[in-house]
Amino acid sequence: MQQTPTTKFGDKGRDKFMNGKNTLLEVKNLRTYFDNKEGLAKAVDGVDFEVEKGETLGVVGESGCGKSVTSLSIMNLVPQPRGRIESGEILFHSNGEVVDIASYPPHSKKMREIRKTYLAMIFQDPMSSLSPVYTIGSQIMEGIQLRHNVSKKDARQRAVEMIQRVGISPAEQRIDDYPYQLSGGMNQRAMIAVALASNPSLLIADEPTTALDVTVEAQILDLMMELQEEYRMSILFITHDLDVIGEMTDRVIVMYTGKVVEIGSVQDIFYNPLHPYTQGLLKSIPKIGRHKELSPIRGSVPQIYNLPDHCHFAPRCPERMDICTSEDPPVFNVGENQQAKCWLYDEKGGDR
Amino acid sequence: MPDDNLILDVDNLKKYFPVRKGLLQRVVGYIKAVDDISFELQQGETLGLVGESGCGKSTTGECLLRLMEPTAGQIKYKNEEDEWLDILSLSAQQLNSIKRDIQMIFQDPMSSLNPRMSIRDIVVEPLEVHGIGNKKSRTETAKDLLEQVGLSEYFLNRYPHEFSGGQRQRIGIARALTLDPRIIVCDEPVSALDVSVQAQILNILENLQENWGLTYVFIAHNLSVVEHISDRVMVMYLGKLVEIADTEDLYNSPLHPYTEILLESIPEGDPKAKKKRGKIEGVVPDPSNPPEGCNLHPRCPYAQEICSSEEPELINRSDEEKDHFAACHFAEDLELKGYGDLVEGIDVG
């Protein structure tokens, strides 16, 4: 395999799905830090990736790997005052124009404009995004009216259509329900309707099915796939569940302690994982009918205030080499569309 | 008398919660959290219990330990002297001796460990309650137990907040082992844990089972985890048991439409696999007002007239050695799809 070291993720790996023109979002060397009383938490520490138009990009990792903070950074909604985007660029492409989200203050007019026009987000807990004191109808209509210049009556008509579309019935009656009158799965659907009301270019889904029962999860995942085709949006799908990743995504980013450790197509990640962390994750999940011993990664995720030097995964890594604890691993291109931040793929570096 | 290898025999277990309304808080109805279920537990096996939230699986687990008082039914336990005792009719003193034999591991290791107690105190507390050993021997026991679950004795004087989720779950397991139990009821023991840590805990549970001859009731909503660890699996829906079978049989040739719905719903990660998923209808109905007849019938793709009027019985449908219980009028007629039939493109089973 041809291996060339590079300095950042995302330089290669587009050929298959895209060419440069089709980029929707570029995240470049993003660092998002939090000043906590325990110290400085580098929640996102030098992350590079791209989202192409119409693709579903999965972000997978365990708790504390920075996947949620990455998504909040893209929305420019990092919790204030302790958190901040320390450095980096978040370039959003629309109509031939490129804006850097990271350069705007979170509450500026321009930022609100970008959010309401192009971005939408859904969460694990629908109640963290729906307001309990407004009907779901009025929350959907708000999105429609912000984006489109339509009368209240037309907005209501479109809200009914949205509610039907996400599978809440009977829509004409449910439109006047408050969130407390709906079940968890129905609220999740309502939240998706609210998010899609403004017809966003990028939907960020942060563990959207984690709290749901398995049958409801299947319904919501199917719904998201249908809606993506219909609305031709890009989805950034954040989850810890590798099975959901496999079912939903085109490409996958694997994160560990605030850094991206591997990027590849979903096939590469499942059949030819490069980074020992990705390999470990895959060996940790039970697969139905394919009886095998689980071989978990030893130890647990280190605390964000007390990260090991250089490669953060080295203390848990079964393939650790001397260089891993003395020098930061760069990003290596392996094959056409896959990249890993691991010394194993250095041509000069030791023996595999 | 049931056959020799049984350790627990549950008959017609019911747990009803009253629904009260109005100024006088009159009882206007009942939520039948567990509604007349019967099953047996073989010594040394892992019996998985799956179902969606609100189906009564945790309530069942708590009733087994009498952490919750059942409304009716019998739970017979065979102790080490081969005597059958009904857990529900025992005096407090007799119950105490049985409680040593049946222990529980909980989902959330943070809320089940007292934050003001050191790890040593948490692990040896059951010994103190039962007056076993002296201070020195108890500390020795604690060291042994921590080693069993892969923690260093160096942690003895630390407190729960100093540990990660996975380590706390290990402490919870050590505490459950303190009294040398025979049965452990594991209620969602890995669902709050990260993927890599979840596998560690599953391996620990399997090793302990082998070394200590433990019997597990393993309650979880994650069907892949249950498939991995269980010898037999029970499926619950709205307080009822709908299917009990050998793990392989249940996943490969289910006999109840609800089991098929669950298998259809599982996300399959393998990118080569194509999941054939029918449209899954509706949600779990309100448990205070369950449907008449078979309570699945409003969601069931195979429902017929009889399903809305007559409740199906949970009967053994297998003529082979292994039992396969299913509560469906058409269990023998339907040809339901197993997990292998539902995924295309990969080899399962």
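## β3 and its neighbours in chain B

Strand β3(B) is joined to strand β9 (residues 232–237) of chain B by four bridges, and the two run parallel. Strands are DSSP runs of E with at least two residues, helices are runs of H or I with at least four, and both are numbered from the N terminus. Two strands count as paired if DSSP finds at least two bridges between them.

This is a predicted model: local features need pLDDT of at least 70, side-chain atom pairs count only at pLDDT 80 or more, and totals for chains, interfaces and linings use all residues. Residues are numbered from 1 along each chain as its sequence is written, while chains are lettered from A and ligands numbered from 1 in the order in which they are written.

## Which way the side chains go

In a regular strand, side chains alternate between the two faces of the sheet. In β3(B), B:Thr46, B:Gly48 and B:Val50 point one way, B:Leu47 and B:Leu49 the other, and all are buried. That makes five of five buried residues for this strand, residues 46–50. Buried means 20 or more other C-beta atoms within 10 Å of the residue's own, exposed means 12 or fewer, and partly exposed is in between, with C-beta atoms placed from the backbone.

## Chain B as a whole

Chain B has 10 helices and 14 strands, and buried residues make up 45% of its 349 residues. Its C-alpha trace spans about 65 × 55 × 50 Å along the principal axes.

## The sheet in chain A

Over in chain A, an open sheet of four strands has the order β3-β2-β5-β6, with antiparallel pairing. The edge strands are β3 (39–52) and β6 (97–100) of chain A, each pairing on one side only. On average, neighbouring strands of this sheet are turned by 10° against each other, direction ignored. Angles run from 0 to 180 degrees between N-to-C directions, using axes fitted to C-alpha atoms, for helices over the stretch in contact.

Inside this sheet, eight bridges join β2 (residues 23–36) to β5 (residues 83–94) of chain A, and A:Glu26 has A:Leu91 of β5(A) as its bridge partner. Helix α1 (residues 67–74) of chain A lies across β2, β3 and β5 of that chain, at about 70° to β3(A).

Terms used
Contact = placed C-beta atoms within 7 Å.
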